[in-house]
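Trainee: I am new to this structure and would like to start with just one part of it. Could you pick a spot and take a close look at it with me?

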Amino acid sequence: MDYSLTADQASILDGLEQLIEAHSPAAPTQPRTVYDAPSLEAALVESGYLGIAREADFGLLEAALVTERLARLPWAVEVAASALVAPALRIDAQLRPVALCSGNLDTPARFLRTAQVLLVLRDEEALLVRLEGAKITPVESLLAYPYGRLADCSRPVEHLGDARVLRRRWRIALAAEAAGCMAAALALVLEHVRNRHAFGRPLGAFQAIQHRLAMAAEAVEASRWLALRAAWSDSEQDAATAAGFAQAQIPQLTYDLHQFCGAMGLTLEFPLHLWTYRLRALLGELGGASAQLRGAAEATWGL
Amino acid sequence: MEFGWSPDEEAHRVRVRAVLHRTLPADWEQISMHGPGSAEQTAFSKVMCAALAREGLLISHWPRAFGGEDEAVWRQFILGEELWEAGEPRGPQYMNVNWVGPVMMRFGTAAQLDKYLPPIRAGQAVWCQGFSEPSAGSDLAALRTEALPVEGGYRVTGAKIWTSYAGLADTCFLLARVPVTQGGLGGKAAIVILLVDMRSPGIQVKQIPSLIGEGDIHEVFFDQVFVPATERFGAEGQAWEIISYLLQHERIGIPRYAFSRRVLDRGVARLKRLGRWTDPSVRDRAGRALAYCEAARLLIYRIVDGKARSLPPDDFAALARWATVQADNAVNDFLTEFLPDGLLGADPVQQAHHQRAIAAGIASGAAEIQLNIAAQRWLDLPREPRR
């Protein structure tokens, strides 16, 4: 047991910080529900960060560390599926962005507008749809990801077999991404309550607010460590536990964080929604918290 | 970063389990139902701790100079995890090895070390901590019990409350205040620590009937109790430094989730036998309780990892304490709702867990104080102005 980063992991994250610094777009100024960062995404691909789980000396844990860090950025960049899901299904690293959906092929999916491949979890089977030349209908929403819907459901479908690998990696990806979004949202709100005054003192000096932010911090830390352990073990039990725990925290966490920002937090000008509405998107994936928690129970104690 | 155990750690866990298997009696579940401060558990703790001492497991984490083996932090933690999973059969003696001994080694006189460490090492000492008072619980600095300096020592008068294990304790680790009129330094600096023989004339112990088991909480009255100066622990004015040190040892890194997890496993096994596991809502709630246990586990591991790497203690412990309270309650709420007969005699272990879980956010200081600490020291939020 050792919670410290290895020298290689520290080096990966240091390099990632430099890359973020060099390639991030300017801070968002226009009030929009979602922002992309094509130059950053290109740099991430070019430098191999999204394929790190495929490298001989690295693996899923490093991919989860990268995913969690990048999820703290305000930009919606497709990282988790490329870094954590696609390698397990032996999908070519060049075939990205990767979109994920469950159920019907025309279910709205994150990143589908630019994706080259759609992975579908249907019943107990994993399917793959190549998207070159496919017609994608953009879906506008509050959820802070670029969503699209596959307009042509008669496209050829490749059967990848058993759904377990796709579901397990999707859970790990979801958990790592949620942990990063939670951390960034909490950091933003902490800054807000330190500086915003009411009744002659900072909002953050009120005990009622302090307690809920401390609980939020516990949820963030637990989500992060559960996600990293799941990436380390790649086990059904840890993956379902991590995703289920993170999803179960999202309603209270997002409610509290918005609440402490008042009406300001309901505007598009204030960036909180860039993380809380990604979290709300993640809350609804894979059947929601209950499905993951039942999965954790079944993986632990059987059916 | 590594979430697995080394072969040595795995072997250590196997050994601890074997010792527990050999030592715990067939009626341990019935004994454990009486609560850690009960006469039954206190008596058994002397059997258990003596056995752990014979196996070299009781104080192996202590420095060699004090009879320990300087055992690695994670090995010691594995022992704690296994003992908690079994329902903590060290009973009241857990605190001897966790903090009484370590605090003694750091601040005690040679005479105090000679007197108090041997019974702890032998697994035969029972201590209680005289901290909380009717008007000073989590706000410990408000304590009022007086220690009047007299020739050769102190005369102690006052009352302590919620004192665990007091009915059967040999010694009390007592906090009292030297009045300013009698030379006390004022405020926290007026507090002195006295090691009080519980058989001293003038001490009266009254058990308080409670929801959390027999012998767990008491009122202790001190009426002009003489304590020799040789039993003052640390210098006058040093008590708060010692208290802060011991609270770091007492409150952090306790693997309570291990007991919750075991009780959850038992509950699920019962639900399966009852044919209720086919209900998805049961699996949902069991999975939720499991997730809270695992969250608490990983946050406690974060603290132990810091100790293992000799990092200075930080206020992350406050978050881990909250996670632990959440885990205990998630399991307790799940079982109380889905297996209510466990509290009606069907499962003594569930009953014992229930009684620990309802105190999880209260014992060792209110969990809300931990939220204050987390907010102000970990999250760097401003203090609420005092009125």
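Mentor: Gladly! Let's begin with the largest cavity, whose lining divides into 8 nonpolar residues, no polar ones and 4 charged ones. Here Ala, Val, Leu, Ile, Met, Phe, Trp, Tyr, Cys and Pro count as nonpolar, Asp, Glu, Lys and Arg as charged, and the others, Gly among them, as polar. Keep in mind that this is a predicted model, in which local features need pLDDT of at least 70 and side-chain atom pairs count only at pLDDT 80 or more, while totals for chains, interfaces and linings use all residues. Residues are numbered from 1 along each chain as its sequence is written, chains are lettered from A and ligands numbered from 1 in the order in which they are written, and side-chain values use heavy atoms, leaving out hydrogens and water.

A cavity is a set of points, on a 1 Å grid over the protein atoms alone, where a 1.4 Å probe fits but cannot get out, and its lining residues have an atom within 4 Å of a point. Grid points are joined across faces, edges and corners, and the volume is the space filled by probe spheres set on the points. The count comes to 2 cavities of 30 Å³ or more, and the largest holds about 100 Å³ of space.

Around the largest cavity you will find A:E78, A:V79, A:A80, A:A81, A:V98, A:A99, A:L100, A:R110, A:F111, A:A173, A:E177 and A:E285. Two or more residues of this lining come from each of helix 4 (80-85), strand 1 (98-102) and helix 5 (164-195) of chain A. Helices (H or I, at least four residues) and strands (E, at least two) are DSSP runs, numbered from the N terminus. Strand 1 of chain A gives the largest share, 3 residues.

A:P97 sits in the loop between helix 4 and strand 1 of chain A, and the peptide bond from A:R96 to A:P97 is cis, with omega near -5 degrees. Most peptide bonds are trans.

Now turn to the second largest cavity, with about 60 Å³ of space. A:V79, A:A80 and A:E177 belong to its lining as well as to that of the largest cavity. Its other lining residues include A:W75, A:V77 and A:R278. By class, this lining has 7 nonpolar, 1 polar and 2 charged residues. Its largest share, 3 residues, comes from helix 3 (residues 60-71) of chain A.

Helix 3 leads us to a neighbour. Helix 1 (residues 7-23) of chain A packs with helix 3 of chain A at an angle of about 30 degrees, their axes 11 Å apart. Axes are lines fitted to C-alpha atoms, for helices over the stretch in contact, and angles run from 0 to 180 degrees between N-to-C directions. The two helices are therefore roughly parallel to each other, the term for angles under 35 degrees. From helix 1 of chain A, A:Q9, A:I12, A:L13, A:L16, A:E17 and A:I20 make the contact, and from helix 3 of chain A, A:L61, A:E62, A:L65, A:V66, A:R69 and A:L70; contact means heavy atoms within 4.5 Å. This contact has 8 nonpolar, 1 polar and 3 charged residues. One of these, A:L70, also lines the second largest cavity, which brings us back to where we were looking.

How values were computed:
1 Å grid on protein atoms, 1.4 Å probe; cavity = no way out; pocket = protein on both sides within 12 Å on 5 of 7 lines; lining within 4 Å. Parallel < 35°, antiparallel > 145°, perpendicular 65-115°, else oblique.
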